[in-house]
Amino acid sequence: MLKMVVFGAGGKAGGAAVVEARARGHEVTPLVRSAADVTDPAAVARAAAGHDVAIAAAADATADPAVFFRAAAESLVAGLKEAGVSRLVWVGLASLLPDASGVPVMDTVGFPPEFRPFSLAHRTALDILRRCDLAWVAVSPSGNFDLESKPTGVYHLAPGDLTQRITYADHARALIDEAERAQFRQTHIGVAS
């Protein structure tokens with residue numbers, strides 16, 4: 001059994017991760033913004049102390065994404081280090097994954113320009129993680145979340161492909177698998193149903 005702290009547990013991805021982790025018998029501390037501000041390194045350190053792994057699924061729809069995701073990544077790196085937590089599982093973004101030809105989805109023809117600033121904000125956060133010494137992994141849908149289908153209970157690794165779908169529950173399975181096994185380190189993976 002692991003002790004996991006989930007930042008962003010009030011959202012769909014974070015909430016699904018809490019459900020999956022508890023179903024596997026892990027001790028989970030679910031946190032919402034009012035309980036621990038993920039952009040404050042001291043708050044992250046206090047919240048993460050005594051845990052084995054952190055899952056970051058936090059977002060703030062009211063904040064500038066460029067400011068929020070940079071601050072969240074920097075605070076997680078500093079706060080987790082202070083708390084002695086070396087494993088971070090970050091909920092990533094499909095647009096940053098390379099497609100089957102190796103081109104990041106956000107750089108492909110037809111990618112909606114209105115989503116580019118949000119994607120760039122996530123990329124800045126991943127760049128911060130790439131420079132740290134945490135054992136981190138970003139796990140994103142290879143495309144988007146499937147809001148209509150039932151969970152399949154399985155997933156597979158997949159390149160960026162906006163036509164692919166995965167349920168929140170199946171994505172949570174991948175998050176918790178990575179929290180438990182740490183198969184991937186310092187990389188971004190995509191998963192699909």
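Helices, here runs of at least four residues, and strands, runs of at least two, are DSSP assignments numbered from the N terminus. In these terms, the predicted model described here contains a helix α1 that is followed by Gly-25, a residue whose phi is positive and lies near 90 degrees.

Helix α1 itself covers residues 12–23, and its 12 residues should span 16 Å at 1.5 Å a residue, a value that agrees with the 16 Å found between its end C-alpha atoms. The buried residues of this helix are Ala-13, Gly-14, Ala-16, Ala-17, Val-18, Glu-20 and Ala-21. Their packing partners include several strands, namely β1 (3–7), β2 (27–31), β3 (53–56), β4 (87–91) and β6 (144–145), and the buried residues of α1 also pack against a helix, α5 (168–181).

With 19 residues, α3 reaches 26 Å from its first C-alpha to its last, which is close to the 27 Å expected at 1.5 Å a residue. Buried positions in α3 are Phe-68, Phe-69, Ala-72, Ala-73, Ser-75, Leu-76, Val-77, Gly-79, Leu-80 and Ala-83, and these buried residues pack against the strands β1, β3 and β4 as well as against the helices α2 and α4, the latter formed by residues 116–130.

The axis of α2, which comprises residues 41–48, and the axis of α3, which comprises residues 65–83, come within 7 Å of each other and cross at roughly 40 degrees. Because of this angle, α2 is oblique to α3, and the crossing of the two helices is right-handed. On the side of α2, the contact is made by Pro-41, Val-44, Ala-45 and Ala-48, while α3 contributes Ser-75, Leu-76, Ala-78, Gly-79, Leu-80, Glu-82 and Ala-83.

Although Ala-71 and Thr-39 are 32 residues apart along the chain, their C-alpha atoms are separated by 5.0 Å.

Trp-90 is placed in strand β4. With a relative accessible area of 3%, Trp-90 is buried, since buried means under 20% relative accessible area. When residues up to four places away in sequence are not counted, Trp-90 touches Ala-56, Phe-69, Ala-72, Ala-73, Leu-76, His-122, Ala-125, Leu-126, Leu-129, Val-137, Ala-138 and Val-139. By contrast, the C-alpha atoms of Trp-90 and Val-154, which are 64 residues apart along the chain, are separated by 20 Å.

Finally, the loop between α5 and β9, a strand formed by residues 187–192, holds Ala-182, and Gln-186 is found in the loop between α5 and β9 as well. The phi of Ala-182 is near 50 degrees, a positive value in a residue other than glycine, and the phi of Gln-186, likewise positive in a residue other than glycine, is near 55 degrees. Gln-186 has a relative accessible area of 36% and is therefore partly exposed, a class that lies between the limits of 20% for buried and 50% for exposed residues.

Note on methods
Residues numbered from 1 in each chain as written. Predicted model: local features only at pLDDT ≥ 70, side-chain atom pairs only at ≥ 80, totals over all residues. Heavy atoms only, no water. Axes fitted to C-alpha atoms, helices over the stretch in contact; angles between N-to-C directions. Parallel < 35°, antiparallel > 145°, perpendicular 65-115°, else oblique. Left-handed = near helix turned anticlockwise from the far one by under 90°. Contact = heavy atoms within 4.5 Å. Expected span 1.5 Å × (residues − 1). Buried < 20%, exposed > 50% of the residue type's maximum accessible area, 1.4 Å probe, protein only.
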